[in-house]
Amino acid sequence: MPASPILTPQGATRPLEARSFKPMVSTLLLGVGVALLIATLIDFGILWIVQHQSNSQWEFAALSTTFDNFSLLLIGLAAVAAGLHLGNAGSLLNQRVLTVIAFLLGLCAALGALLLVTDFFDVRNKVDGVTRDAFYTTMAKSVTLAVIYTITLFVTGIRGLRSR
């Protein structure tokens with residue numbers, strides 16, 4: 001026997017299964033997104049504050065690690081946005097706040113790329129022949145990630161601010 005339909009506030013009927021699934025997914029996405037955001041920010045805080053050293057080699061390694069883990073920050077932000085949208089909390093204010101955060105993260109990625117390039121010119125003369133190829137590969141990968149993140153987040157930020 002099929003589940004009896006329920007009435008929505010608009011008077012339409014909807015199956016019981018649809019009503020119970022959406023809040024659970026919204027809560028799950030919000031929880032996972034917030035957990036990823038907190039964990040990534042703690043990771044970045046430990047890297048940039050606790051383990052900080054004042055030399056270009058450390059800075060280059062820290063920037064490379066940051067760009068490797070930047071995707072977790074973006075996945076967390078996207079999960080929070082999806083959770084808010086599914087939970088019908090996707091208000092214009094929430095959208096604007098998430099858009100500004102995305103734009104600021106794009107700005108951080110652009111500044112990190114510039115800093116990475118300046119560190120590259122300082123560190124490249126200090127790298128010996130055995131690790132030189134790995135150093136150049138790391139540089140190419142990190143700059144590529146930084147450019148992808150910058151472009152994606154700037155476009156997302158601009159489109160988000162223009163919507164509605």
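**Around helix H4**

The cover over the buried residues of H4 includes helix H2 (56-86) and helix H3 (92-123). This is a predicted model. H4 itself runs over residues 132-162. Its 31 residues reach 45 Å from first C-alpha to last, close to the 45 Å expected at 1.5 Å a residue. Which residues of H4 are buried? They are Phe 135, Met 139, Ser 142, Ala 146, Tyr 149, Thr 150, Leu 153, Gly 157 and Gly 160.

Now step back to the whole chain. The protein chain has four helices and two strands. From the N terminus on, the order is β-β-α-α-α-α. The chain holds 164 residues, and 27% of them count as buried. Its accessible surface is about 10200 Å². Carbon and sulfur atoms make up 70% of that surface. Contacts tell how the chain comes together. Take those with a separation of 6 or more: 74% of them join residues 24 or more positions apart.

Next, the space left between helices. Rolling a probe the size of a water molecule over the atoms shows where empty space is left. The second largest pocket has a volume of about 200 Å³. Its lining counts 13 residues, and the closest to the pocket centre are Trp 48, Thr 66, Phe 70, Cys 108 and Ala 109. Which elements give two or more residues to this lining? They are helix H1 (16-50), H2 and H3.

Thr 40 sits in helix H1. Is Thr 40 buried or exposed? Thr 40 counts as buried because its relative accessibility is 3%, and the cut-off for buried is under 20%. Leaving aside residues up to four places away in sequence, Thr 40 touches Asn 69, Leu 72 and Leu 73.

Ile 75 has its place in helix H2. Ile 75 has a relative accessible area of 48%, so Ile 75 is partly exposed. That class lies between the 20% and 50% cut-offs. Ile 75 and Val 32 are 43 residues apart along the chain, yet their C-alpha atoms are 9.4 Å apart in space.

Technical notes:
Residues are numbered from 1 along each chain as its sequence is written. This is a predicted model: local features need pLDDT of at least 70, side-chain atom pairs count only at pLDDT 80 or more; totals for chains, interfaces and linings use all residues. Side-chain values use heavy atoms; hydrogens and water are left out. Buried means under 20% relative accessible area, exposed over 50%, partly exposed in between (1.4 Å probe, protein chains only). Contact means heavy atoms within 4.5 Å. Accessible areas come from the Shrake-Rupley method with a 1.4 Å probe; for residues, only the protein chains shown count as cover. The expected span of a helix is 1.5 Å times one less than its number of residues. On a 1 Å grid over the protein atoms alone, a cavity is a set of points where a 1.4 Å probe fits but cannot get out, and a pocket is an open set with protein on both sides within 12 Å along at least five of seven lines; lining residues have an atom within 4 Å of a point. Grid points are joined across faces, edges and corners, and a volume is the space filled by probe spheres set on the points.
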